Every structure is written in C-alpha cells, then in structure tokens.
Amino acid sequence: MGTGMEKAEHAEETEKTAHAEEAREAVAHDEGGPGDEGGPDGGTGAGAGRAARREAAVRAAVEQGLLGPGRPLVALLDVTGIRESAAELRAAFAAVTPPGTPVLHAFAVKATPLVPVLRLLHTEGIGAEVASPGELALARAAGVPPERTVLDSPAKTPAELREALSLGIAVNADNPQELARIDALLADAPARPAGLTPSRSSFGLRVNPQVGGGAIEALSTATATSKFGVALRDEGAREWVVRACLDRPWLTRLHAHTGSQGIALPLMARGVAEAYALAEEINRRAGRRQIDTVDIGGGLPVDFASDATSPTYARYARLLKETVPGLFDGRYGLVTEFGRSLLAKHGTVVARVEYAKSAGGRPVAVTHAGVQVATRTVYAPTAWPLRIAAYDAEGSPKEGPAVVQDVAGPACFAGDLLARGQALPLLEQGDYAAALDTGAYFFAHHYAYNSLPRPAVHGFTADGPGRVTFALVRPAQSLEEIVAESGGAHADALIS
Ligand SMILES: *Cc1c(COP(=O)(O)O)cnc(C)c1O
C-alpha cells in the first residue's frame with residue numbers, strides 16, 4: 001500500500017465523528033421492523049447461533065494447535081454463516097420479484113478475495129463482481145462462469161475489455177471514453193452473422209445518481225463529485241446517456257452502486273430509484289424495452305456493534321420494492337453486487353496476547369493483530385471501530401469485570417491499536433483477543449507493514465456439540481515468501 005492509500009485513509013479519519021453518529025442513527029431509525037428480530041429474515045436469532053459457533057471455533061483452534069505460542073495469529077471463517085447469508089440474500093429478492101425474474105447476485109470480490117470463498121458462494125448460487133484482472137483471475141480460478149461474472153472498474157484498460165468481451169463477461173462501462181473503447185472493440189470483432197449480438201457479453205453503463213454521501217466520505221460513491229460513473233445531474237449528462245443508449249442497441253443495462261458502509265437505506269433506495277427512472281425514460285424514447293436489466297450494486301451496511309444481522313437483506317429488498325415497485329414487477333432483470341454484508345459477520349481474527357502492560361494508568365494488551373489485518377481500523381478508528389472479544393489461554397471466553405484497556409498490534413508505530421479504551425475482561429499474557437466481524441475488507445486485505453506475514457485463514461464448521469472441523473483456505477505467508485516478494489532474487493540489483 002502506497003502513500004496515496006495512506007492519505008486516503010487519513011482523510012477518512014478526519015471525517016467528523018458527529019457525521020458518523022448521525023448516519024448510524026439514520027440507519028438505526030430505519031430498523032426495528034418485526035421482521036428483523038430473528039425468524040426467516042435472519043435477525044438476532046441467527047446472531048446468537050453465530051456467536052456460539054465462533055466460541056466453539058476459537059476453543060477448537062487452540063485445542064487443535066492452529067493457535068498457540070508459536071502460531072500467535074489466525075483468521076477464521078464461519079462456513080455455515082456464509083451459507084446462511086447467501087441463502088438470505090437469494091430469499092430476500094425471490095420474495096419481491098415474480099417467479100422467473102432473472103436475478104444475478106454477484107459477490108463483490110474485493111470484499112473477500114479468497115478463491116475458496118468465491119467457490120463456496122458459487123455453490124450457493126452467488127456469482128462474482130470483479131474490478132481488476134486479479135479479481136477476474138480469482139473468480140475464474142474459483143470456477144465462477146463468465147455468465148455469472150460482472151466486470152466493473154473505473155480504470156479498465158483496452159486489454160481488460162478485450163478479455164472480458166472474448167470471455168462473454170458482463171461489462172459496466174464507467175464513462176464516455178470507455179464506451180468509445182467498447183465501440184472500437186465491437187467494430188473490430190470478426191464478422192458475425194447478421195442479427196447476432198456483437199459479443200456474448202451484456203453491456204451496461206454506470207451512472208452516478210448524485211443522491212449524496214453517507215457517514216464515511218471515502219466510501220461514498222454517489223456524491224456530486226464522485227469519481228464513479230456518469231454524473232447524472234451534471235449539465236447535459238442525462239441527455240447524453242439517453243442518446244448514448246439509443247445509438248447503441250446493445251447497451252441493455254444501467255448500473256448504480258450507492259455505497260457503501262455508512263449509507264442509510266433510504267439513500268441507497270433513492271439511488272436505485274434514479275437508475276430505474278432513467279431506464280424507463282430510455283425505453284420510452286427507444287419505443288422498446290432496450291434496458292432490460294438494472295444492476296443495483298451492493299453497499300448494504302453492516303452492524304459492527306453487535307452480533308445482530310442488521311439491516312437484513314429482506315428489509316432492504318422490501319424497502320426497494322416499496323420505493324421502486326416498477327423495478328420489481330418482472331419487466332427488469334436484476335443484478336446485485338453485495339460484498340461486506342455477505343462476509344463481514346462470518347470472519348474473526350484471533351491474536352495471542354504476547355505481553356500485558358500498563359502505561360499512564362491504562363492497561364495495554366500487546367497482541368499480534370494490528371495494522372496488517374485491520375488497516376482501516378488503525379488509520380480511521382472512528383469510522384471503523386471493531387468489537388474485541390477476550391478469551392483465556394485455553395480459548396474459552398474470559399470472565400471477570402470489564403476493564404477499560406487498549407488492545408494493540410505488533411507494528412512499530414504508536415497508532416497500531418485494534419481498540420482504544422474498550423471495556424473487556426482484563427487481557428493477560430497468553431490470553432487471546434479476537435477482532436469480530438472481520439470477514440470482509442479486514443484480514444483478507446493484508447498490509448505488509450513491518451513485513452508482518454499474512455495470517456493463515458481457516459474455514460470452520462461445527463458438526464456436533466464441541467466438534468469443530470477446520471479447512472485451510474489460505475496458508476500463512478512464510479518468511480521465504482516475504483523475502484522473495486521483497487526482491488530476494490535481486491539482492492545485487494542496486495550494487496552491480
Ligand atoms: C465495493 C463495491 C461493491 C460492494 O460494496 P459492499 O459495500 O461491500 O457491499 C459493489 N459494487 C461496486 C461497483 C463496488 O465498487
């Protein structure tokens with residue numbers, strides 16, 4: 001990660017806490033429907049099951065030697081929980097669309113770029129949204145077929161576009177220049193029988209409905225000046241989009257992603273409503289149903305403050321249907337691109353407490369999980385607070401009075417804190433600290449500060465009381481790999 005990223009993270013950090021609280025409230029006020037309390041929507045009931053599975057997994061990880069003095073850091077993924085979220089997503093949209101409506105749920109690969117996770121989701125009926133050659137390679141390695149893959153990226157090269165077209169992957173163009181590149185590629189395509197579409201790919205155009213931002217500036221995609229898509233409210237832009245579609249009969253999709261964490265549901269729904277209204281306008285002027293699919297993006301926020309699934313997919317799908325009924329009457333196919341909401345609650349990173357000390361009256365547990373696995377939390381702690389759970393040396397939940405303490409990471413800078421002033425049973429040497437809800441955008445997004453190794457990731461399933469089975473998803477990075485990836489084969493490069 002370069003300084004640009006660091007700057008962005010620091011900008012994020014300067015976001016006012018007041019803003020974050022406002023939006024949290026906005027999200028909270030939107031909650032509370034009876035459907036969110038357990039039951040088929042997967043509310044608190046699912047949360048309790050999840051917490052029980054997590055506790056069993058931490059204990060089993062210690063018992064089975066995945067964690068210990070010589071292995072002080074591990075990341076765990078709850079396979080049952082991932083399957084449940086995938087099923088909830090499918091059920092939520094099936095409940096608001098007529099039977100037979102084409103709906104592709106494409107997981108935003110950037111949220112958890114791990115091949116076995118993509119393959120698990122594929123078996124659960126979830127495709128892949130990719131935004132780089134690397135993410136496309138991961139989706140292909142996982143066996144996600146082209147017709148279940150969507151390519152979105154603000155900076156696609158001609159080579160990437162050519163590959164997507166030859167594979168038949170759906171492409172959402174970001175801007176007029178990209179559309180011109182696609183025009184050229186389609187014109188170049190080998191002669192084809194008249195009447196056939198120029199490529200197996202479906203083509204869409206990303207629009208920015210400019211409905212406004214949320215609590216986290218760095219994650220708000222639909223602001224007036226966002227870098228994504230065609231800014232729909234800019235002068236002349238809407239007419240340009242309509243003409244661009246009328247001139248290109250193969251442009252059949254509109255895409256709007258009003259994300260992400262920190263956006264209240266009604267604002268997300270407003271973004272979808274704008275895309276729908278534009279689709280209707282284009283179709284009216286085309287005199288046919290040219291736009292046949294609306295890609296509504298992802299962005300469902302996650303509750304990082306408890307084990308509850310809130311908001312649920314069911315609630316969001318119902319709100320969308322209330323706000324934009326015409327999009328759900330069977331005339332349009334749908335694509336969704338959820339990332340964080342599918343995986344966040346199912347990941348836990350567990351770190352051994354190497355030392356327990358005290359500074360200025362504050363207890364500090366020095367652990368092996370810090371900026372390398374929780375980069376956003378460390379650089380932008382007010383936007384990305386994490387819940388920490390305390391376990392003893394056997395991996396059992398720690399008992400005892402809550403003590404306000406810091407949970408620090410292993411990196412050599414003062415801000416490397418997983419949690420500041422969190423009240424927990426006092427962590428002692430040899431205990432374990434677990435950072436919860438880290439299945440998306442955390443431990444899978446390694447930051448190589450201090451050459452700290454990527455931790456192993458294990459999936460787990462509980463097959464009976466106390467019986468937990470682990471499956472290796474990604475091995476820990478070895479020291480040899482760190483040296484090789486740091487120019488080890490070119491040691492003399494600068495002196496010869
Ligand atoms: C990041 C991203 C998503 C996923 O967002 P989440 O908040 O993880 O659901 C979906 N679509 C696009 C275009 C994105 O950039």
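The report moves from the whole protein to the ligand, and then to single sites.

## Basis

This is a predicted model, in which local features need pLDDT of at least 70, side-chain atom pairs count only at pLDDT 80 or more, and totals for chains, interfaces and linings use all residues. Residues are numbered from 1 along each chain as its sequence is written, and side-chain values use heavy atoms, with hydrogens and water left out.

## Whole protein

The protein has 14 helices and 18 strands. Helices (H or I, at least four residues) and strands (E, at least two) are DSSP runs, numbered from the N terminus. The chain holds 496 residues, and 55% of them count as buried. Buried means under 20% relative accessible area, exposed over 50%, and partly exposed in between (1.4 Å probe, protein chains only).

The accessible surface is about 20,600 Å². Carbon and sulfur atoms account for 56% of that surface. These areas come from the Shrake-Rupley method with a 1.4 Å probe; for residues, only the protein chains shown count as cover.

Contact means heavy atoms within 4.5 Å. Among contacts between residues at least 6 apart in sequence, 71% join residues at least 24 apart.

## Ligand surroundings

There are 15 residues around the ligand. Near means that a heavy atom of the residue lies within 4 Å. Lys110, Ser260, Glu337, Arg340 and Tyr441 come nearest. By type, the shell divides into 3 nonpolar, 6 polar and 6 charged residues. Here Ala, Val, Leu, Ile, Met, Phe, Trp, Tyr, Cys and Pro count as nonpolar, Asp, Glu, Lys and Arg as charged, and the others, Gly among them, as polar.

| Residue | Protein atom | Distance to a ligand oxygen atom |
|---|---|---|
| Lys110 | polar side-chain atom | 2.8 Å |
| Gly299 | backbone N or O atom | 2.8 Å |
| Tyr441 | polar side-chain atom | 2.6 Å |

Taken alone, the ligand exposes 390 Å². The protein buries 93% of that area.

Ser260 is in the loop between strand 8 (251–255) and helix 10 (265–286). Its relative accessibility is 10%, so Ser260 counts as buried. Not counting residues up to four places away in sequence, Ser260 touches Leu219, Gly299 and Arg340.

## Strand 13

Which residues of strand 13 lie on each face? In strand 13 (residues 388–391), Ile388 and Ala390 are on one side, with Ala389 and Tyr391 on the other. All four are buried, so that both faces are covered. In a regular strand the side chains alternate between the two faces of the sheet.

Strand 13 runs antiparallel to strand 16 (residues 432–436), and 4 bridges join the two. Two strands pair if DSSP finds at least two bridges between them. Tyr391 stands opposite Tyr432 in strand 16.

## Backbone sites

Most residues other than glycine have a negative phi, and most peptide bonds are trans. Some sites here depart from that pattern.

The peptide bond from Gly259 to Ser260 is cis, with omega near 0°. The bond from Ser310 to Pro311 is also cis, with omega near 0°. Pro311 lies in the loop between strand 9 (293–295) and helix 11 (313–323).

Gln210 is not a glycine, yet has a positive phi near 50°. Gln210 sits in the loop between strand 6 (203–208) and strand 7 (230–231). At 10% relative accessibility, Gln210 is buried. Ser451 also has a positive phi near 50°. Ser451 belongs to the loop between strand 16 and strand 17 (456–462). With a relative accessible area of 45%, Ser451 is partly exposed.

## Two loop residues

Is Glu124 buried or exposed? Glu124 counts as buried because its relative accessibility is 13%. Glu124 is in the loop between helix 5 (115–123) and strand 3 (127–130). A polar contact of 2.7 Å joins its side chain to that of Arg83. Leaving aside neighbours within four places in sequence, Glu124 is in contact with Arg83, Ala86 and Arg90.

Gly70 lies in the loop between helix 3 (44–63) and strand 1 (73–78). At 71% relative accessibility, Gly70 is exposed. Gly70 and Arg352 are 282 residues apart along the chain, with 9.7 Å between their C-alpha atoms.

Technical notes. Polar contact = N/O pair within 3.5 Å; in protein donor to acceptor, adjacent residues only side chain to side chain.
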